[in-house]
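Trainee: I have a structure open and a list of terms. Can we go through what each call rests on?

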Amino acid sequence: MRGIYKAKHDYILGELRKCSWVKKIWGENSGLHLLAAVDTERREEELIRLCGERGIRLYGLSEYFLSGKSVFRDPVFLFGYGGLSQKQISEGLEEIGKIV
């Protein structure tokens, strides 16, 4: 199992690094999630809504702050990939790129 998730981790990390809209990535040595700061003029809530309308579940980091507001200037999202195929990861990131 570890090998499967390591392969997915390495795949999504590589794909995120290719995205021009990704400013910074955290969690390169972590478990089944990565954080990425997004270069966009849109607000976090708007991106979540637009992605949701396209069937993409995107989680904003601000929901994990007690205040409900992120301390980061740019929107930061939590990317989970454990249950996704490489194709789903690629297609999802491509669609997010169109929205951003």
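Trainee: Which residues touch the most other members of the largest nonpolar core?

Mentor: Bear in mind that this is a predicted model. The largest nonpolar core has 22 residues. Those touching the most other members are Ile-12, Leu-16, Trp-21, Val-22, Phe-79, Leu-93 and Ile-96. Helix 1, strand 1, strand 2, helix 2, strand 4 and helix 3 each supply at least two residues of this core. Helix 3 gives the most, with four residues.

Trainee: What does Phe-79 touch, leaving aside residues up to four places away in sequence?

Mentor: Its contacts include Ile-12, Leu-16 and Trp-21. Leu-93 and Ile-96 are also among them. A contact needs heavy atoms within 4.5 Å.

Trainee: What makes strand 1 and strand 2 a pair?

Mentor: Pairing takes at least two bridges. Strand 1 and strand 2 have four, and they run antiparallel.

Trainee: How many bridges join strand 2 to strand 4?

Mentor: Five, and those strands also run antiparallel. The threshold is at least two bridges, so they count as a pair. Ala-36 stands opposite Phe-77 in strand 4.

Trainee: Why are the buried residues of helix 2 said to be on the same side?

Mentor: The buried residues are Glu-44, Leu-47, Leu-50 and Cys-51. They cover an arc of only 135° around the axis, so they are on the same side of helix 2. They pack against strand 3, strand 4 and helix 3. Just after helix 2, Gly-55 takes a positive phi of about 80°.

Trainee: How does the span of helix 3 compare with the expected value?

Mentor: Helix 3 has 14 residues and reaches 20 Å from its first C-alpha to its last. That is close to the 20 Å expected at 1.5 Å a residue.

Trainee: Why do the buried residues of helix 3 line one face?

Mentor: Ile-89, Gly-92, Leu-93, Ile-96 and Ile-99 are buried. Seen down the axis of helix 3, they fall within an arc of 115°, so they line one face. They pack against helix 1, helix 2 and strand 4. The face turned away from that buried side carries exposed Lys-87, Glu-94 and Lys-98.

Trainee: Are Cys-19 and Cys-51 buried or exposed?

Mentor: Buried means under 20% relative accessible area. Cys-19 has 14% relative accessibility, so it counts as buried. Cys-51 has 1%, so it is buried too.

Trainee: How far apart are Ser-20 and Leu-93 in sequence and in space?

Mentor: They are 73 residues apart in sequence. In space, they are 11 Å apart, C-alpha to C-alpha.

Technical notes:
Residues are numbered from 1 along each chain as its sequence is written. This is a predicted model: local features need pLDDT of at least 70, side-chain atom pairs count only at pLDDT 80 or more; totals for chains, interfaces and linings use all residues. Side-chain values use heavy atoms; hydrogens and water are left out. A nonpolar core is a set of buried Ala, Val, Leu, Ile, Met, Phe, Trp, Tyr and Cys residues joined through side-chain atoms within 4.5 Å. Buried means under 20% relative accessible area, exposed over 50%, partly exposed in between (1.4 Å probe, protein chains only). The arc is that of the directions from the helix axis to the C-beta atoms. The expected span of a helix is 1.5 Å times one less than its number of residues.
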